[in-house]
Amino acid sequence: MDGTTHPTTAPVLILLGPPGAGKGTQARMLEEQFGLVQLSTGDLLRAAVAAGTEAGKSAKAVMDAGELVSDDIVIAILRDRLADDDCARGVILDGFPRTTVQAEALDTLLAETGQKINAAISLDVDDAAMVTRISGRFTCAGCGEGYHDTFKAPATAGVCDKCQATEFKRRADDNAETVAARLEAYHAQTSPLIAFYQAQGALARVNAMGAINDIATELGAIVKTATA
Ligand code: AMP
């Protein structure tokens, strides 16, 4: 955090969608394609849990139960991260906002630096497929590349395609019971944001049940138009 004001032109994109919709995968692809910064509050919270910070300590049990961490904690974490220098390139928010309170706080934060949301893109998926998607996923412990037992296994079993690391990790909350709670939280608390961003004229929707690369192409076109 350096306390400086970022240029007002830095793009701000939001990916909306239930757990398993592919927000993280697509955000990383957009990050590479457009030079933006992927900002995942889930990743920031997991880092806070691992570091044993006060925020991490109070978030852990809530995350393990698949419920939403309090708005105050998440907004504070997001505000700090947004003030980092690299975010001046523009950001893709992955997993934030998840409540109307967070969405309103984001608008207020952005207004402070004269920024606004370029697009909020909803990744539309069938709930029924999400449990399978989530239960099979894992990431490279070295570079964070995402994989899936069925849909995207490494080319050589046990070796990361990107960085050749041989250690992988699975998230503690990627299990069938927690996924049900996470889907419920999405529908109850996050899906109202679709109407919220539609009312702002910022909403785009993408059918995210297809192939990863096809969805990436469609998203890339939306981001190009929204940031032109
Ligand atoms: P994710 O990695 O986005 O799936 O998030 C993992 C977990 O972190 C969620 O199930 C929540 O418990 C918590 N979390 C992440 N982002 C938020 C947010 N914006 N608001 C509340 N809780 C969040």
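In this predicted model, strand 2 (residues 37-40) sends the side chains of Val-37 and Leu-39 one way and those of Gln-38 and Ser-40 the other way. All four of these residues are buried, a term that here stands for under 20% relative accessible area.

Which helix gives the largest share of the shell around the ligand? Helix 2 (residues 41-51) does so, with 4 residues. The ligand has 16 residues around it, and those that come nearest are Thr-41, Arg-46, Glu-67, Gly-95 and Arg-98. Sorted by class, the shell holds 6 nonpolar, 4 polar and 6 charged residues.

In Arg-46, a side-chain N or O atom is 2.9 Å from an oxygen atom of the ligand. In Arg-171, a side-chain N or O atom is likewise placed 3.0 Å from a ligand oxygen atom. For Arg-98, the ligand atom is a nitrogen, and 2.8 Å separates this nitrogen from an N or O atom of the side chain. Each of these pairs counts as a polar contact, because the cut-off for two N or O atoms is 3.5 Å. As for the ligand as a whole, the protein covers 97% of the 480 Å² of accessible area that the ligand has on its own.

Note on methods:
Residues are numbered from 1 along each chain as its sequence is written. This is a predicted model: local features need pLDDT of at least 70, side-chain atom pairs count only at pLDDT 80 or more; totals for chains, interfaces and linings use all residues. Side-chain values use heavy atoms; hydrogens and water are left out. A residue is near a molecule or strand if one of its heavy atoms lies within 4 Å of it. A polar contact is a pair of N or O atoms within 3.5 Å; within protein, one must be able to donate a hydrogen and the other to accept it, and residues adjacent in sequence count only if both atoms are side-chain atoms. Accessible areas come from the Shrake-Rupley method with a 1.4 Å probe; for residues, only the protein chains shown count as cover. Helices (H or I, at least four residues) and strands (E, at least two) are DSSP runs, numbered from the N terminus. Ala, Val, Leu, Ile, Met, Phe, Trp, Tyr, Cys and Pro count as nonpolar, Asp, Glu, Lys and Arg as charged, and the others, Gly among them, as polar. Buried means under 20% relative accessible area, exposed over 50%, partly exposed in between (1.4 Å probe, protein chains only).
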